[in-house]
Amino acid sequence: MTPRHLYVHVPFCVRRCSYCDFAIAVRRTVPVDEFLDGIRAELGRHHALSQGATLDTVYLGGGTPSRLGPEGVARLLSQIRERFTLQADAEVTLEANPDDVAAGDAAAWVAAGINRVSLGVQSFDDTALKWMHRTHDAEQGRAAVGALREGGVRNVSVDLIFALPGHLRRSWRADLESVLELEPDHISLYGLTVESHTPLARWEARGAVRQASEDLYADEFLLADQMATAAGFTHYEVSNFARPGKESRHNSAYWSGAHYLGVGPSAHSFDGATRSWNVAPYAEWVARLRDGRSPVGGSEHLGPESRDAERVYLGLRTTGGLATSTAELEHARRWSDAGWARINEGTVVLTPEGWLRLDSLAAGLTGL
């Protein structure tokens, strides 16, 4: 089957954030031509897949795709259109940092075909932003949303991070009030986690940082649910809130188990049975494609047990819920009694309290 969803990993960043373990390439000057040559070569390797394929969604993620500049973004989308047909109403998303956004740039992105921007604000607290190694301040975060609207972007998503260490004294309620005042179409919230080989992991190892408690994590997650839903958002996936009709179609494809193609360093692809991923280092990805070699770094075939585990986990993380077998349904009834789930004609939908226990609940249901 041909993929209907395309992800492009653009790895470039000005600086690595303190919590980031993504495959990024810190560059003061972005090698746009070199990167686009690599993407053209990799798309060429998927000629058979792209023949006659129509894309429902395109997602330019990273890294910081907005670092390509308006012309680079336009050239990238042009390369994609050379290989694929885009559906008339395709969702085309660009991830951007606030300090890369000006109304003129946003208008150029829209002219190139971008119709959705995911803005990495993370916080409206300047102390927290500096601690995260973000390259923008709170005022730039607010101004960027206005610039996107002025430039013609009609679907704006804002990212925030919760459960920051207590010593920062960041007010999560104030951050939520700030984002709701901006009236975005979509909000993505991520709890801070400590990943190995990050500045944050080193700070924790030497005792300079203490993670937020589980109770604080839960309190802030539930406060976000309360405030966002009261403001008219639907909490449609564990980490995501949307105005009606503004749910992320690209990410929803991942959660539904759809086939997708990923290009760029570290990008993942899935054909329904096998997941593959590209090498992560940018230099190696470029070198392989320049030499005519495959950029794929590894793959795994999902057997019945793995596919069942994914079915359970992905089903439970959205409000679409999980259609259960008789054994699964009997197991899940206790969740309903505890207030962790709602059961409707054999479909189990987790509540926000249940989502706080997603990993353990999914593990308990797998294999029944």
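How many aromatic pairs does the structure hold? There are 12 aromatic pairs. The model is a predicted one.

**Rings**

Take F12 and F35. Their ring centres lie 5.5 Å apart and their planes meet at 80 degrees, so this pair is edge-to-face. Planes over 60 degrees apart count as edge-to-face. F12 belongs to strand β2 (residues 12-13), while F35 sits in helix α1 (residues 32-45), so the pair ties together parts 23 residues apart in sequence. Both F12 and F35 are buried. The two rings also belong to a cluster: ring pairs link F12 and F35 with Y282 and W285.

A charge over a ring occurs elsewhere. R275 lies over the face of F270, 5.1 Å from the ring centre.

**Helix α13**

Helix α13 covers residues 326-338 and bends by about 25 degrees at A332. A332 is also one of the buried residues of α13. In an α-helix, residues three or four places apart point the same way, because each turn takes 3.6 residues.

What do the buried residues of α13 pack against? The table names the elements.

| Element packed against by buried residues of α13 | Residues |
|---|---|
| α12 | 304-316 |
| β15 | 322-323 |
| β16 | 341-344 |
| β17 | 347-350 |
| α15 | 358-365 |

Just after α13 comes G339, with a positive phi of about 85 degrees.

Terms used: Residues are numbered from 1 along each chain as its sequence is written. This is a predicted model: local features need pLDDT of at least 70, side-chain atom pairs count only at pLDDT 80 or more; totals for chains, interfaces and linings use all residues. Side-chain values use heavy atoms; hydrogens and water are left out. Rings of Phe, Tyr and Trp (its six-membered ring) pair if their centres lie within 6.5 Å; planes under 30 degrees apart count as stacked, over 60 as edge-to-face and the rest as tilted. Helices (H or I, at least four residues) and strands (E, at least two) are DSSP runs, numbered from the N terminus. Buried means under 20% relative accessible area, exposed over 50%, partly exposed in between (1.4 Å probe, protein chains only). A charge sits over a ring if NZ of Lys or CZ of Arg is within 6 Å of the ring centre and within 35 degrees of the ring normal. The bend at a residue is the angle between axes fitted to the seven residues ending there and the seven starting there. Contact means heavy atoms within 4.5 Å.
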